[in-house]
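Got the structure open and wondering where to start? Here's a walk through it, one question at a time.

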Amino acid sequence: MRGGGSRQVALLRYLLIRLLLILPTAWLLVTVVFFLMRVIGDPISAAMGGRLTQDQIEDRKEAAGLNRPILTQYWEYITGFLHGDFGRTQDNQAISDVVITYGAATFELVFWGLLVAFAVGVPLGRYAATHRDTPSDAFLRFSAVLAYAAPVFFVGMLLKLIFSVWLGWFPVGGRASTDVELALQHVSPKTNILIIDAILYGEPSYVLDVLEHAVLPAVALGLLTGGIFLRLVRVNLIQTLRSDFVEAARARGLSTRVVTGRHAVRNALIPIITVMGMCIAMMLGGAVLTETTFEWKGLGYQLAEYLRARDFIAVQGIVAFIALVVAVMSFVVDAVVALIDPRVRF
Amino acid sequence: MATAVQRRRLPGAELLSKTSGLQRVTLITGLVLVAVFVFVAAFAPLLAPYGLAQNSADDVAFVPQQGPSAEHWFGTSVRSEDVLSRVLFGARTALLVIAISVTLSLLIGVPLGLLSGFVGRWIDKTLVLIMDAVYAFPSLLLAIVVSIVVAGGTSSSLGGMLSAAIAITVVYVPQYFRVVRNATVAVKTEPYVDAARVTGASTTRIMFRHILSNVTGSLPVIVTINAADAILTLAALGFLGFGIEPTQAAEWGYDLNKALNDVSNGIWWTSIFPGTAIVLVVLGMTLVGESLDETLNPLLRTRRAVTSADKETVDE
């Protein structure tokens, strides 16, 4: 065993190297997206192919600066990126503004989704592990596979059909009722995270309205990763329950309940955090589909709109931004794991 | 290559005999679902009562958005197509896309993994960095970007399937790469590799003859799980309007997108049937993949019980 001091140095070094690794990863992603979008075809022709004459296309390309050498464009793109300039959409909005405004909505959705995933996955995973190989364990494992097999948008449509259309318990879509959304436009400071805006506004019925709209999308998105969490907790808990320190705790006369709750569950959560990096990527992908299903006007909904309008510069900007978020989040996840799990070697 | 491996590893009976109880039920359920899927895909034109884009018969137009009836068992869509026929033809599209993408992924991912693991040095470092970056990219977004590039914003029948397949390939190459590379690194210092080298075998021969045959053990598992993932990605692309022209081929995700408005109006048959088809096929493949995983690698049972998509570092 190393002493505490050298461990800290090693930890810092690890975090630093990991941080520095984000840069090439992010650069690579942005570059790949750029060249894929530009070299093989240019965004304007792809967008307008068949709808404009060749001359009109040339004019648009000129206006968008697409006629200059590709490396010049690339250089400008990268330097623009470093200054937070992601380019402009076809209707001349700054993509950075789009990303900030709608990103908040997506963030809110992913947050609710993670909440559902934890609320479903952790307790059920714990139950399955402590009731290993019983029918209920088998049922839970099967449900987890089913949650994985069902596309998030199909689950969303089912939820919508059952709970909004047939039972009428929840709204069909959107982030809030029209009047609430209008009222919340005027709240200041406006975060565009509607639940915070509603709380700032100070009207309880608005908060409730926002929450009601969030339930079905959150469940649809949460089930996507909830199944994975369930299986991870189950597998790791089974493993942890077999390990020496659990035996030791048992030998000290602690009850199974205390051993599981205090010692084992905490250890079984560490792998969840590790997989969180992957789950965030999955959640963001899932959010694109969930937002389309529920008309949740976030970044994913916007992305789908731009896709349909064939505005590939906007698509490129949003995709690059999401890639950056994923790169940064996976660093954060690694850092958290390194900080809380003493077994991680650097 | 893959089929050869699978055939050797999957003589059905032998595999089944290795399982018991719940595991056996899982495997059989999965195999039945996959078999039905392949059967439907192969015989779609014979099984389907109508064509995939047909909206009239005997000069009588189908009534749009009609509930299930004797003429249309699964009802009709908003564009008057027979939902049953589209669901059946959808299997064909899905199977084709899976076949193309899995083949391409194997052809690209496996040699790269071998090269990276065996040669090492800067080739390894570069490839690992690139593959990790691609792997970290949200897979759906990557598929969207690639399908834009390949299809250039338009999609014909084969072009649409091909662009979807290529998009899915790019997403899954890193997984094959990772597994093959790690396995190669693990076996390349084994004595039998040295022995081969001493007898004068060329590097290529060592890589493809000696090492490959020893690292392919986990490929069937990845293939089945990726095939399941591929269906989900294909459906997601279609759902976002990036699939295949509806007149050229039936695609479940696209049909679900068209059914979005129906759902709000309480019309259930246009979404339930294609959606259930996706769930059953993905479920079947996932179940087969997991049973394979548990029976082929009993030692890894707890370690790999999540899915191949999870990082290998899960319990390190």
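## Helices, core and interface

Residues 313-340 of chain A are 100% helix and 0% strand, and the end C-alpha atoms of that span lie 41 Å apart. This is a predicted model, so that goes for everything below too.

Q: What share of the 346 residues in chain A is buried?
A: Buried here means under 20% relative accessible area. In chain A, with its 346 residues, the buried share comes to 52%.

Q: Among contacts in chain A between residues at least 6 apart in sequence, what share joins residues at least 24 apart?
A: Take the contacts in chain A whose partners sit at least 6 apart in sequence. Those joining residues at least 24 apart make up 73%.

Q: Which residues of chain A does the UniProt annotation "transmembrane region" cover?
A: The label comes from an unreviewed UniProt entry. One of the spans is 145-169, where the model is 80% helix and 0% strand, with end C-alpha atoms 27 Å apart.

Q: How far apart are the end C-alpha atoms of residues 94-115 of chain B?
A: In chain B, the unreviewed UniProt entry marks several spans as "transmembrane region", including 94-115 and 266-288. The 266-288 span is 87% helix and 0% strand, and its end C-alpha atoms lie 35 Å apart. Residues 94-115 of chain B are 100% helix and 0% strand, with end C-alpha atoms separated by 31 Å.

Q: Which residues touch the most other members of the largest nonpolar core?
A: This core has 175 residues. Its largest share, 15 residues, comes from helix 10 (residues 219-239) of chain B, and it draws at least three residues from each of domain 1 (3-83) and domain 2 (95-310) of chain A. The members touching the most others are A:V315, B:F37, B:I144 and B:W252.

Q: Which residues does B:F37 touch, not counting those up to four places away in sequence?
A: B:F37 is one of the core members that touch the most others. With residues up to four places away in sequence left out, its contacts are B:A91, B:A94, B:L95, B:I98, B:I231, B:W252, B:V281 and B:M285.

Q: Where do the buried residues of helix 9 of chain B sit around the axis?
A: The buried residues of helix 9 (residues 203-215) of chain B are B:I206, B:M207, B:I211, B:L212 and B:V215. They cover an arc of only 150° around the axis, so they are on the same side of helix 9 of chain B.

Q: Which three residues supply 13% of the area that chain A buries against chain B?
A: Across the interface, 55 residues of chain A are in contact with 54 residues of chain B. Together the two chains bury about 5000 Å², 77% of it on carbon and sulfur atoms. Supplying more of chain A's part than any other three residues, the trio is A:Y148, A:F154 and A:M157.

Q: Is B:I267 buried or exposed?
A: B:I267 lies in the loop between helix 12 (260-264) and helix 13 (269-296) of chain B. Not counting residues up to four places away in sequence, B:I267 touches A:L161, B:Q65 and B:D262. Its relative accessible area is 12%, so B:I267 counts as buried.

Q: Is A:G168 buried or exposed?
A: A:G168 is found in the loop between helix 7 (152-166) and helix 8 (178-184) of chain A. Its relative accessible area is 51%, so A:G168 counts as exposed.

Q: What is the phi of A:D133?
A: Most residues other than glycine have a negative phi. A:D133 lies in the loop between helix 5 (95-130) and helix 6 (135-149) of chain A, and is exposed at 56% relative accessible area. Although A:D133 is not a glycine, its phi is positive, at about 65°.

Methods: Residues numbered from 1 in each chain as written. Chains lettered and ligands numbered in written order. Predicted model: local features only at pLDDT ≥ 70, side-chain atom pairs only at ≥ 80, totals over all residues. Heavy atoms only, no water. Core = buried A, V, L, I, M, F, W, Y, C linked by side-chain atoms within 4.5 Å. Buried < 20%, exposed > 50% of the residue type's maximum accessible area, 1.4 Å probe, protein only. Helix = DSSP H or I, 4+ residues; strand = E, 2+ residues; numbered from the N terminus. Domains from an automatic or database assignment. Contact = heavy atoms within 4.5 Å. UniProt positions renumbered as here; feature names shortened; annotations may be inferred. Arc of directions from axis to C-beta. Buried area = accessible area lost by both parts, 1.4 Å probe.
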